[in-house]
Structures are given as structure tokens and as C-alpha cells.
Amino acid sequence: MKLLIGYTADERGAEAIELACALISDRAVDSLELAMVLPEDTPFQATYPGGDHGYHTVLSAQADRWAEQALALVPEGISARVTARTVSSVAHGLIELAAETGAEAIVLGGRSRHKAGFFAPGAVATSLLHASPVPVLMSNPRGVAALRQAKGRISRITAFVGDLPGAGEVIDQAVRSAERLGIGLRVATLVTSQEQAGEDSPVLRATRQQLDELTSGLGEHVEPEVVTGASIDEAIASIGWLDGELAVFGSSRLAPPRRLFLGSKAQRMLRHLPVPMAVVPHRSGGSGR
């Protein structure tokens with residue numbers, strides 16, 4: 001597995017590397033591409049280390065220091081290199097590098113920015129969450145803290161699905177990831193009080209039946225769960241999370257095939273997630289959320 005990290009020389013970049021390293025299942029096979037994608041008025045682009053494991057010429061001493069700092073954060077035994085590139089759009093630059101390197105996903109760091117304390121992705125993350133052809137994974141401060149409590153390992157995956165076409169794609173991706181990491185998988189659906197009335201309502205019964213059908217035959221390590229709450233925020237708060245868990249969402253049905261578009265429900269959930277998240281692009285027009 002190859003992951004492309006959108007690296008910035010700050011705490012966000014360090015947290016992105018932490019998350020990416022937690023997703024490594026085989027150090028002999030998996031590798032990291034650390035991308036420093038910079039505004040086009042930055043006068044350099046280079047790769048470090050190169051194919052000969054030495055230095056390629058880097059015209060900026062500052063970029064050289066950033067590259068060294070980035071690689072120093074990668075645990076011993078994991079193959080990694082840093083590529084610096086100047087582009088007109090950082091998000092599009094990351095998408096281009098993912099295609100060029102064959103990366104299976106893009107990994108970003110994230111910080112709390114909202115004055116009320118909500119987690120809010122920045123401009124680059126928002127652009128990727130609406131355009132990337134490969135999954136986008138993103139940390140947040142609470143999620144990184146939980147990952148550290150789990151000694152830097154992903155402990156379980158929770159895949160969120162709805163009643164729209166494409167739920168199977170999200171589950172398939174989550175199953176493959178869980179099997180690769182050797183961890184359990186939970187498949188969850190959120191139902192708010194506006195969508196149901198009482199614990200035995202027709203909506204809840206139908207939702208449980210659908211979830212059972214989606215997870216049927218996946219094995220005893222897959223746990224279906226219907227989560228309820230008066231609101232999306234309350235439902236998210238009621239979920240029992242493990243340290244080191246990863247939340248997985250499907251792209252909105254509004255996205256073009258093989259592209260991401262984070263739907264409004266998923267965006268609201270993102271604000272309060274205490275774990276890192278991944279968003280999976282749909283293949284042919286369906287959606288998990």
C-alpha cells in the first residue's frame with residue numbers, strides 16, 4: 001500500500017504522518033510519499049531522497065530542512081520519500097501527485113479552527129473532500145490523541161452507511177482495510193428522532209433489517225449497529241469509540257463517478273468526530289451517505 005501525505009512543516013504535518021504510519025500493515029511492502037506542495041512562486045521542486053537514496057539538488061535550504069524534519073518523523077523501517085512541487089492549486093497538486101505515484105489514498109492533518117471548538121477542515125482539505133479520485137484520510141486533534149493512546153495503531157474501523165445506493169462500496173472498502181490491518185469492523189447507521197418515533201418504530205425496524213442484510217456473510221468480526229439520537233450531534237456523541245478507531249464515510253451521491261463529494265450529513269458528523277476519518281469515492285454514481 002502506498003499513501004500520499006500532504007505534508008506541512010507544522011503540527012498538522014506531523015499528525016498526518018502519525019495517521020499514515022498507523023495505517024501501515026507491512027513495512028516491507030507499504031510506503032509513504034510525503035508531498036510538500038507549495039504555491040507556484042516558491043522557486044524549487046525536487047525529490048528527497050532520490051532513487052539512489054541520496055540527495056537530489058534542492059534549490060531552497062528551507063525545503064531541505066523541511067524534508068529532513070519530515071523523514072525524521074517516519075519510524076525506522078518504513079520506506080518514505082519527500083517530493084516538493086510548486087503548483088497553482090495545492091489540492092490539485094496533491095491529486096496529480098497521487099496519480100503519478102500510484103498512491104491509494106491521500107492523508108492530511110487537521111486542527112480545530114472554529115471559535116466554538118468544532119473541528120473544521122481547512123481550504124485544502126475541503127477541496128480534496130469535494131474532488132479527489134482516491135480516498136482522503138484526515139486526522140484531528142482528538143483523533144490523534146486517541147491514536148496515541150492506542151500506541152499508534154488503528155484498533156477498529158467504523159463504516160457509516162445510509163439507505164442510498166453505494167453503501168456496499170463503503171463496506172467493501174472497510175472490509176478490505178480491516179482485513180489488511182487484522183482488526184474488527186463495525187458498520188453503523190445513524191437515525192435521528194426526526195426520522196423515527198420510539199425504539200420499535202417502523203423506521204428503526206427497517207434500518208436494522210437493511211443493516212443486517214448489508215453485513216450478512218461478512219463474518220463474526222463485523223458488527224452492525226444502529227445509532228440513535230435526537231440530532232446528528234447527539235447520535236455521534238452516543239457512539240462508543242475505541243482509542244485508535246477510524247471512521248469511514250462514503251462520498252455523497254452528488255459526486256461525479258470516481259470522485260469525492262462530502263455530503264451535508266457527513267459534514268455535520270465530521271465536526272464532532274473524536275477519531276480520524278476516511279472518505280471513500282464512489283465508483284459509478286451511488287453513495288454510502
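Biologist: Let's start with R208: what is its relative accessible area?
Modeller: R208 is found in helix α7 (residues 202–215); helices (H or I, at least four residues) and strands (E, at least two) are DSSP runs, numbered from the N terminus. Buried means under 20% relative accessible area, exposed over 50% and partly exposed in between, with a 1.4 Å probe and protein chains only. R208 counts as partly exposed, with a relative accessible area of 32%.

Biologist: Good to know, and what pLDDT do side-chain atom pairs need in order to count?
Modeller: Residues are numbered from 1 along each chain as its sequence is written, and side-chain values use heavy atoms, with hydrogens and water left out. This is a predicted model, in which totals for chains, interfaces and linings use all residues, local features need pLDDT of at least 70, and side-chain atom pairs count only at pLDDT 80 or more.

Biologist: How far apart are the C-alpha atoms of R208 and A188?
Modeller: Along the chain, R208 and A188 are 20 residues apart.

Biologist: Stepping back, what share of the protein's residues counts as buried?
Modeller: The protein has nine helices and eleven strands. Contact means heavy atoms within 4.5 Å, and among contacts with a separation of 6 or more, residues 24 or more positions apart account for 77%. Of the 289 residues, the share that counts as buried is 51%.

Biologist: On to charged pairs: what is the N to O distance between K2 and E33?
Modeller: K2 sits in strand β1 (residues 2–6) and E33 in strand β2 (residues 31–39), 31 residues apart. A salt bridge is a side-chain nitrogen of Lys or Arg within 4 Å of a carboxyl oxygen of Asp or Glu. K2 and E33 form one of these, and the distance is 3.8 Å.

Biologist: Which residue of strand β4 also pairs with E33?
Modeller: E33 is buried, at 6% relative accessibility, whereas K2 is partly exposed at 24%. A salt bridge of 2.8 Å, N to O, also joins E33 to a side chain in strand β4 (residues 79–87), so the pair ties together parts that are 48 residues apart in sequence. That partner, partly exposed at 31% relative accessibility, is R81.

Biologist: How many salt bridges does the structure hold?
Modeller: R12 and D10 make one at 3.4 Å, N to O; R12 is partly exposed at 29% and D10 is partly exposed at 35%. There is also a network of salt bridges that links R156, R186, E223, E225 and E245. For the structure, the count of salt bridges is nine.

Biologist: Within what arc do the buried residues of α5 fall?
Modeller: In helix α5 (residues 141–149) the buried residues are G143, V144, A146 and L147. Seen down the helix axis, they line one face because the directions from that axis to their C-beta atoms fall within an arc of 160°.

Biologist: Which exposed residues does the other face of α5 carry?
Modeller: An α-helix has 3.6 residues a turn, so residues three or four places apart point the same way. What covers the buried side of α5 includes α1 (11–22). The face turned away from that side carries the exposed residues R142 and Q149.
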